[in-house]
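User: I would like to learn how to read a few features of a protein model. Can we go through them one at a time?

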Amino acid sequence: MTRTAHSALAEHLAALPVVSTHEHHREDAFHADLDLDKLFANSYVGWINPLPGPIRDRARFLDAVGHSAYFRWLERGLRHIYGVGPITPETWDAVSEAIRQAHVSSPTWHVALMRRFGHYRRAIQDSYWAPGSAAGHPDFFAPTFRINCYVLCHHPLMTDHNGNSPWQRHDLAGLDFDAYLLLLDQVVAEQKQAGAVALKSALAYDRDLAFTSGDRETAARVFGAHPNAVSDADRRAYQDFLLHHLCELAARHDLPFQHHTGLAKLSGSRPLNLEPTIARHPQTRFVLFHGGFPWVHEIGGLLHHYRNVYPDLTWLPLIAPTAAIRAVREWLELGNGAANLCWGGDAWTGDESVGAALALKHVLSVALGQLVEEGSLGLEEARRIAGQVCHENAARIYGLG
Ligand SMILES: [Zn+2]
């Protein structure tokens, strides 16, 4: 790659606004006592498997995680925000104090820093601990509505993996199955009315994504039945039917339907498992998160065949920038990859979101720079695509103008 194409794009990207399609941003109170230890414990660095021991064992911890992309982008973000680092056992306390001071001095610093240092304009919020909430900042965060509990729970004793249950959230006393399905239609309408801009499935953390056609009669029988009285086959038939019902509601209420693909329950989460569902609901917009990592090629295959597939890089630049670069290149080569390609930071803290935005811009400057160098793209076209991916597509698809 010529230095010129890459550096010209990196410079262009640095100033671009971003619109994130996915965050799990925590509220003001959570950020109030944020320091480096709490940040690591609530970042993807804490997901590195296996961690060598407690975070307080600083030298050992840094030695083990220091080369990971998760760590590198968090550190880069902190350097960008606070001008501190690199993080070593010797600088740890000073970095921690810089973070703590900033959050203590302003209770909304966690949002301000996203705007100022990450160039975030808007972000879509998935509050899995309070579905539909905007984390206290509705001017900045637009909620997505997480649907896991509606697919998984057929009895008041059941919850999804975040502890949510339809019976906690709504008065379902005396409702039969038909009335329940109608209620879900109203719930989606109300969520949209209240500001939700998408539906979100994180079902890949609960089960595989190979939904069969489902069966209304079985689902009606399972609704309200005690979990011990339902066979595995019937439980799946219920889940599959409800998932299809929600796909129809997403189309009826004109809301993109975001799906976690890849990782999670690993082998069941591959994007190709969703193909029959995508084919069955041509009017539903299927946003496929995380590039389906590690199966980024499968998103490419689906993108090639289905116009209702919306590829999304959320989280991927933090997991494995190399895979993200490959994904961007492949999807752009298909010709339709740029039209609906979006990204999200997928973080719990404003601090990590800033590093995530830097990671995205790194990935785009490398991938687009390579395509320019190879003669596949003009520099102006690459600049235009950068703007589409960073903010224009998300603003258009989710109505976040
Ligand atoms: Zn997420």
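Analyst: Start with how elements are named: helices and strands are DSSP runs, numbered from the N terminus. The model here is predicted. Phe293, for example, lies in the loop between strand S6 (286-288) and H14.

User: Is Phe293 buried or exposed?

Analyst: A residue is buried when its relative accessible area is under 20%. Phe293 has 19% relative accessibility, so Phe293 counts as buried.

User: Which residues does Phe293 touch, leaving out those up to four places away in sequence?

Analyst: Phe293 touches Thr261, Gly262, Leu263, Leu316, Ile319, Ala320 and Ala323.

User: How do I read a pair of helices?

Analyst: Two packed helices are described by the angle between their axes and the distance between the axes. For H14 (residues 296-305) and H16 (residues 321-333), the axes come within 9 Å and cross at roughly 15 degrees. Angles under 35 degrees count as roughly parallel, so H14 is roughly parallel to H16. The crossing of H14 past H16 is right-handed.

User: Which residues of H14 and H16 meet?

Analyst: From H14 come Val296, His297, Ile299, Gly300 and Leu303; from H16 come Ala323, Arg326, Ala327, Glu330 and Trp331. Six of the residues in this contact are nonpolar, two are polar and two are charged.

User: Which residues coordinate the zinc ion?

Analyst: His22 (NE2), His24 (NE2) and Asp346 (OD) do, at 2.1 to 2.2 Å. His24 sits in the loop between strand S1 (18-23) and helix H2 (28-31), and Asp346 in the loop between H16 and helix H17 (350-373). The pair is 322 residues apart and links distant parts of the chain. Both His24 and Asp346 are buried.

Notes: Residues numbered from 1 in each chain as written. Predicted model: local features only at pLDDT ≥ 70, side-chain atom pairs only at ≥ 80, totals over all residues. Heavy atoms only, no water. Axes fitted to C-alpha atoms, helices over the stretch in contact; angles between N-to-C directions. Helix = DSSP H or I, 4+ residues; strand = E, 2+ residues; numbered from the N terminus. Parallel < 35°, antiparallel > 145°, perpendicular 65-115°, else oblique. Left-handed = near helix turned anticlockwise from the far one by under 90°. Contact = heavy atoms within 4.5 Å. Nonpolar A, V, L, I, M, F, W, Y, C, P; charged D, E, K, R; others polar. Donors = N, O, S within 2.8 Å, 3.2 Å for Na, K, Ca; no water. Buried < 20%, exposed > 50% of the residue type's maximum accessible area, 1.4 Å probe, protein only.
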